[in-house]
Structures are given as structure tokens and as C-alpha cells.
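The sequence and structure come first.

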Amino acid sequence: MGSEENTRGLSQPAKEFGTALLVLLVLIPFSTRISEIYVDPSDPGFGSRDFPRLIVWFGIGLSVILAGKALMKLQIRAPKPRQLLPVLSGPVLLFLVAGAYIYGVQLFQYLLPTFALLIFLTMFFGNTGWKRTILTPLFAVCIYYFVFFILFGIFEERGTILSYDSYGFARSIRSFIGLN
Amino acid sequence: MGILDGFSALFSSWQPAFFAILGTLIGLVGGAIPGLSSGAMIALLIPVTYYLDPLAALALIYTVSKSSDFGGSIPAILFNTPGTPQASATQIEGFPMTQQGKQGKALKMAVIASAQGDLFSELLLIFGAATLAVYAAELGPPEFVAIYFCAFVIIGGLLGKSVIIGFLSVILGLALSLVGTDPITADDRFIFGVNELLDGIALVPVLLGVFVLAEVFSKAADKAYDIMDQPIAGKSDDPTDSYVTFAEYCRVLPTMLRSTGIGAAIGMLPGVGSAVACFVAYSEAKRKSKTPETWGKGEIEGIAAAESANNATSGANLIPLLTLGIPGSTAAALLSGVMLIHGVEIGPNIFTTSYDIIYGVFAAGLLCIATYFVVGYWGSGYVGALVGRIPANMVYPIIFVTCYVAVYATRQATFDMVIMTIFGLIGFLMKRLDMSLPAFVIAFILGPGLERSMRQTFLLDEAGGWIFLERPVALGFFALGAFAFFMRLLQRSE
């Protein structure tokens, strides 16, 4: 199986098993809900449940076959879960930070969480120095604010902890530069 | 004359032509930034299109996709780093030319070949798609079921290393397209108690998640931020090394024409990307060459072959979208997303329901080719120098935050940010597992159409399924799908 190794360190059977797992994680909850779909008794053709059933069960069947096939190959050479940790740590951290950012926007509105997120991200991606980690995020936040909230006139949701009238500010700039 | 009407629509106000030129410049520079795929770039721009009229929105997206195909060759030639995957073939001959001080010649060859291939492809689209659409408009639900079947088999089966993984990418896309309401009874399904899902999973968060956020997650996983660490090599003293001579042009012309044909033919097949076209054209040109020993050491003919094939796919791969409603590539899938957002009907009726818009988009395509030819011929070196100065580790934080601001801008719903984050993770996992993101997205977009066609078909035929036997076109597409599948299996067993 050496030729099936790729640069990302996952063997082909590991990828196949991972694919099957990912698809099953989505399709199994779907399969439990098919029976809840309303069926029109007068529908003579391919009913409301038939198309979802076809997709979901075909997918589950294919995934089970793929997982079985991959498991047989994996038994020959066991995977090393510890190899995956360095690969997954970055994306998982970003995923959690994204969740915190979304929550932060709901609490403090757009400006502060976005500035904080940009500072974190510039440092996360290896930038150093105040110009890149403070000045660039500040500049970027202002650009975003100008394009989306002033130019496009998007309404900013109010924060539950910190709330300020950003829309009124954006509207006054819009009228100043001649936008409706 | 459709295309003249298209130009008239394009210049009817300042917006469409302006955004066509802006899109060309964005695509040229964005395509030249390694690590930022054209799909990601287009997905990032989709929220902006909400605020434009339909023609300006489509012109922007279409021109970005076209010019980024050429833009990707600039860092491939100058820095040995392809800006897009399809520029890898150009890199083989382009970078050795740069090392010899002939980067000017290499870049000019790339832009000439790109524009020539692109022009042929665009003309094929303009005059071929409308003709085919007349026949496609006669097709009914059974034929469309067969067409969808055929497309999914080709998209799922032909891409990637594993047929089953390809099919599972399609299945995943189809399954997630089921979320929302039943298209006939309008009752909710698979919403798992989340009322925000009643209208289904919104397209823009999915596109931004799988094409953009997933790319940032991948970079975070690989910790590969510093991409271009090489200065541009010095120029040769020979002035003829900075442009393509007439003799050289005449020598490579047959290769360019042949490669254009290869690119256009491959481009029309759903799911087979331009990267395949480039390498097929490059290999074919090398095979036919009288001096194959010079290839890999800076052969200008190799650049001509790869670039003309690369850009010849860009117009041709819209033919399945405009005639059958099947987006055959990532760019076409994204373009179809913008069409859906703006209420432009996808499929053969587009030539009657959105005549001005579609010919306006074709005109934008021609304007784009002229623009990137002019800018590329005289300004590629400057674009390269500009891109070389962009620190890659500043690009990803900006892209990440832009995703969130942009997705919020589309519907002003925080829920879309959540959906995009989830799809970013799903997209990252799919990339790691070698699943096909284009197949997933195309299936997600086409899922409702397939379901509607299937249910309409079975309403037409209460006996269930036998109607397909009475429809020769449907049988033809089923046979084509089955043939493609068995050919793929045969190829695997070899």
C-alpha cells in the first residue's frame, strides 16, 4: 500500500473509511426522519418519501460497502491516530474561534469582535510586529465597515451586551457621500 | 443577431461593462495569488453580486473565472508556483524559461495562447449553445432524469482516484439538498427542529464554506503560508527574448489550434476540469514534437499547448449549463448559483427568458478576453511583481474574515455564518479525504431539479418507470452514463 500514501499522510484505506464515516454521520440522522415526511394519499407517483429514501439508503449502502472494504485493508496496517492530531489541531482551533466570533458578534456587535478576530488570525498565521498584527486588522475592519455597512447599507444586528447605533452612523455617511 | 444585442445590453448602463472589466482585473490578480483558487475567489464575490443587477453580477463572476485561468500562469512562470492547479502544465516549461531570462517571452506566449484558446471557446459557446438549446428545450422530465443520471455518473465517477468516493460526494450533496420543504407538498423535512432550515440550506454559505473557508482550514492544517520566496530572475540581454517573434508564433500555431480543440472538447464534458485538458494537450504536443528532448527545459510550444487548452475550456464548459442546466465545472456551478440568486432560469429556456442577460454575459466574455490580453501582454510582469509582494500569511486572515462579513451581508442572518462554518469544516474533511468538492456542490445545486423531474416523470407514467423505454433520448443518456461508468471501471482495472 506504499504507493497509496499521499503527502498528507493518510493512506487510501484510511481515506475511504473516513469518507464512509463522514457520509454515514450525515445520512443516518436523515434515515431516522424519512418516516416523518408527510405523504399525500392522493399522490399516485413517486411519493414524498421515495426520493429521499432512494438517496439516503443508496448512500448508506455504498458507505457501508466502502467502510467494510477499507477496514479489511486497514487491519493489515493499523492507522496511527496520533499522526492526525497535528493536522486537525489548526482547523479545529479555527472552527472554535469562528464559533466564538459568531457568538461575540451577537454580544458586542460587529466592530470589536472582528478586530479581535483579525488580531488573533494574523498572529495565528505567523505574522509579527504591530503593523501587521494591529494596524492591518484596524485598517481591514474599517474597509469592511465602509464596503458592507456604508456602501451596501447592511443593517448591523444589535449586541446584547454592547450596543451602539452603527446604522445611524453609516446612514449619515451614506447621505454625506450622496447615497440614498 | 444575439451577440450584438448582448453588447448593447452590456453597454446599456455603466454597471455591466464596469464590472466585466473589474472582474477581469480581479481574476487576473487573484488567479496569480497562489493558494487562492478561482473557485474561492468567485465564492467570495458572490455576496457582492446581491447588490448588483443580474447582468452586472453575472458579468463580474464570469469574467473573474475566465481571467483567473490566465492569471494562474503568471506565478507558475515567474516563481515556479502555479496560481491555479491548471497552471501546473505551464510551469513545466515556463519556469525554466524564466531561469534563462526569457520570462517576458514566456508570459507573452501564455497570454497569446490563452486569448486565442479563450476566443475560440467563447465563439463556440455563443454560436453552439443557442443552437443546442433549441433541441434541449423540447426535452421533458424523463429526459432530464436521464441527463441528471448521466451527469452524476460522469461527475462522480470520472473525477478523483476512487469511483465510490466520487459517488459518495454526489450522494452527500444530494442528501443535503433535501433539507427544507418538499417541492410538491411544501411540507417540511429534515430540518431537525431548526426553523431557519425551512427554506433549505442557503447556497451562499455552502459555497463560501466549502470553497473558501475549507481552503483556510487546509492552510491552517498544513501550516504552509509562505509560498513565494524566490525573487524574479534577471532578464536576458537579447531583446528578442522579451517577446514572441513572428516565426515562433507560426511554429506554435498548429499546436495552439490542436490544443484549443482538445480544451474545448474536454471543457464540454461535465466534471472534467481544465487541469485535465492542460495536461492532455501538453502531453499530446510533446508526443508530436520533433524535438521532445527540449521539453521540460523551457520549450515555448509547451506553454502554448497548455495555455490554449486551459482557456479553451472556459467558454465550452458553460455549454452543458446553458443547454441542459447541468453545471459542468466549479466555475459553472458558482455561476449557476448567481443565476439562481438573481432569478435567472438555468437551462435551455434561458435563451428566451433571459435573452439580453445571457448574450450580455457572452459580450462580457469577449470584453474580458480583450482586456486580459491587453493587460496581460504589457502588464503581466507588473502583476507578478505585485503578487510577489503580497505576504501569503496575511492573505488567509483577510479571506477568513471576509467570508464572515460577506456571508452576513447576503441575508443579514447570523445563522448563515454558523452554516458556513459547519460547511467549512465539512469541506476541509472532504478535501483531506480526496472527496470531490465540485461534485458535491453540483449535486447540491441540481438535487431539487432531479427530484422534481423524477416525481413529474412518475406522475406521467403511473405504471412506474416504463416511460423511459418510450423515450429514445432518455435511453441514450442512460446508455451514455452507463458507458462512461464501465469505461471508468475498465480503466481502474487496468
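## A bridge within one helix

In this predicted model, a salt bridge joins the side chains of Arg287(B) and Glu284(B), with an N to O distance of 2.8 Å. Both residues belong to helix 12 of chain B (residues 274–288), where they are three residues apart, about one turn of the helix.

The two partners fall into separate accessibility classes. Arg287(B) is exposed, at 60% relative accessible area, while Glu284(B) is partly exposed, at 22%.

Asp182(B) and Arg455(B) form a salt bridge through their side chains, at 2.9 Å from N to O. Asp182(B) sits in the loop between strand 1 (180–181) and strand 2 (188–189) of chain B, and Arg455(B) in helix 20 (residues 437–460) of chain B, so the bridge ties together parts that are 273 residues apart in sequence.

Asp182(B) has a relative accessible area of 3% and is buried. Arg455(B) is likewise buried, at 2%. The pair also belongs to a network of salt bridges that links Asp182(B), Arg189(B), Glu451(B) and Arg455(B).

## A bridge with one buried partner

The side chains of Asp416(B) and Arg411(B) meet in a salt bridge with an N to O distance of 2.7 Å. Asp416(B) is buried because its relative accessible area, 2%, is under 20%. Arg411(B), in contrast, is partly exposed, with a value of 41%.

## Total

Over all chains, the structure holds 17 salt bridges.

Technical notes
Residues are numbered from 1 along each chain as its sequence is written. Chains are lettered from A and ligands numbered from 1 in the order in which they are written. This is a predicted model: local features need pLDDT of at least 70, side-chain atom pairs count only at pLDDT 80 or more; totals for chains, interfaces and linings use all residues. Side-chain values use heavy atoms; hydrogens and water are left out. A salt bridge is a side-chain nitrogen of Lys or Arg within 4 Å of a carboxyl oxygen of Asp or Glu. Helices (H or I, at least four residues) and strands (E, at least two) are DSSP runs, numbered from the N terminus. Buried means under 20% relative accessible area, exposed over 50%, partly exposed in between (1.4 Å probe, protein chains only).
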